[in-house]
Amino acid sequence: MSKKALVCYFSVSGVTATMAKDIADAIGAATYEIEPKVKYSADDLNWQNSSSRSSIEMNDVKARPEITGEPADVDGADVVFLGFPIWWYTAPRIINTFLENYDFSGKRVVLFATSGGTDIEKSIKDLQNTYTRIHFDGGKKLNVGASKQELRAWASTYLM
Ligand SMILES: Cc1cc2nc3c(=O)[nH]c(=O)nc-3n(C[C@H](O)[C@H](O)[C@H](O)COP(=O)(O)O)c2cc1C
């Protein structure tokens, strides 16, 4: 029997959101957007300013930006695809907030990310080391323009 998937994502400028929707379409899964309670402004995202909100959060491994909106139906999924933009070579802290808000026991969490070039390997390692009880099952950095066929071929391997 095919497993049930949920595609969760955080995206500020829309690149990861597009990928998440394409993955969900390709495998017939629902999407869930991780919405920050306080939206990120352009100033918040300025990585050249060490006092910007994103710089401060990424410098603090304990930062946990709050999430707003309806909860995700993680309970109803066997496989949770979790997507984000890479910030400072790793996952944004709001991904930690998300992972700490739900019970992932018995589920597989598959990461995907978009970035300006940085690979996903460090993000995977960082999250695996922080959440040793979650079953992370690899992940993929997605390139803008990835075809739905390519996304389906990748994502469907987790649904068997
Ligand atoms: C605060 C901040 C830090 C970033 N750090 C990196 C990085 O370390 N490596 C990289 O390749 N891209 C980095 N980027 C670029 C984003 O990962 C990239 O633009 C991503 O596709 C944006 O996704 P989104 O549109 O879903 O928000 C950073 C962007 C921001 C705003």
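Author: R152 has a relative accessibility of 40% and therefore counts as partly exposed; the scale calls a residue buried under 20% relative accessible area, exposed over 50% and partly exposed in between, using a 1.4 Å probe and protein chains only. This is a predicted model, in which local features need pLDDT of at least 70 and side-chain atom pairs count only at pLDDT 80 or more, while totals for chains, interfaces and linings use all residues. Residues are numbered from 1 along each chain as its sequence is written, and side-chain values use heavy atoms, with hydrogens and water left out.

R152 belongs to helix α5. Helices (H or I, at least four residues) and strands (E, at least two) are DSSP runs, numbered from the N terminus. Apart from neighbours within four places in sequence, R152 is in contact with A26 and I27, where contact means heavy atoms within 4.5 Å. Along the chain, R152 and D22 are 130 residues apart, yet their C-alpha atoms are separated by 8.8 Å.

Next comes the sheet itself. Five strands form an open sheet in the order β2-β1-β5-β6-β7, and the pairing is parallel; two strands pair if DSSP finds at least two bridges between them. At the edges are β2 (30-33) and β7 (135-141), each of which pairs on one side only. On average, neighbouring strands of this sheet are turned by 20° against each other, direction ignored. Helix α5, residues 148-155, packs on the sheet and touches β5 (79-85), β6 (108-114) and β7. The direction of α5 makes about 150° with that of β6; axes are lines fitted to C-alpha atoms, for helices over the stretch in contact, and angles run from 0 to 180 degrees between N-to-C directions.

Strand β1 covers residues 5-9 and pairs with β2 in the parallel sense over four bridges. Within this pairing, L6 has A30 as its bridge partner in β2, and C8 stands opposite Y32. With β5, β1 also runs parallel, joined by five bridges; here V7 stands opposite F81. Five of the five residues of β1 are buried. Both faces of this strand are covered, with A5, V7 and Y9 on one side and L6 and C8 on the other.

Y32, in strand β2, has a relative accessible area of 12% and so is buried. Leaving aside neighbours within four places in sequence, Y32 is in contact with L6, V7, C8 and Y9, among others, and also with I67, T68, F98 and Y102. Y32 and Y9 are 23 residues apart in sequence, and 6.4 Å separates them C-alpha to C-alpha.

L82 lies in strand β5. Its relative accessibility is 0%, so L82 counts as buried. Not counting residues up to four places away in sequence, L82 touches C8, I34, I95, F98, L99, V109, V110, L111 and F112.

T90 is in the loop between β5 and α3. At 7% relative accessibility, T90 is buried too. Among the residues that T90 touches, beyond those up to four places away in sequence, are K122 and D126.

T90, K122 and D126 are also part of the lining of the second largest pocket, along with V61, R64, W88, A91, R93, N96, L127 and T130. On a 1 Å grid over the protein atoms alone, a pocket is an open set of points with protein on both sides within 12 Å along at least five of seven lines, a cavity is a set where a 1.4 Å probe fits but cannot get out, and lining residues have an atom within 4 Å of a point. The volume of this pocket is about 160 Å³; grid points are joined across faces, edges and corners, and a volume is the space filled by probe spheres set on the points. The elements that give two or more residues to its lining are α3 (93-101) and α4 (121-130), and α4 gives the most, with four residues. This lining has four nonpolar, three polar and four charged residues; Ala, Val, Leu, Ile, Met, Phe, Trp, Tyr, Cys and Pro count as nonpolar, Asp, Glu, Lys and Arg as charged, and the others, Gly among them, as polar.
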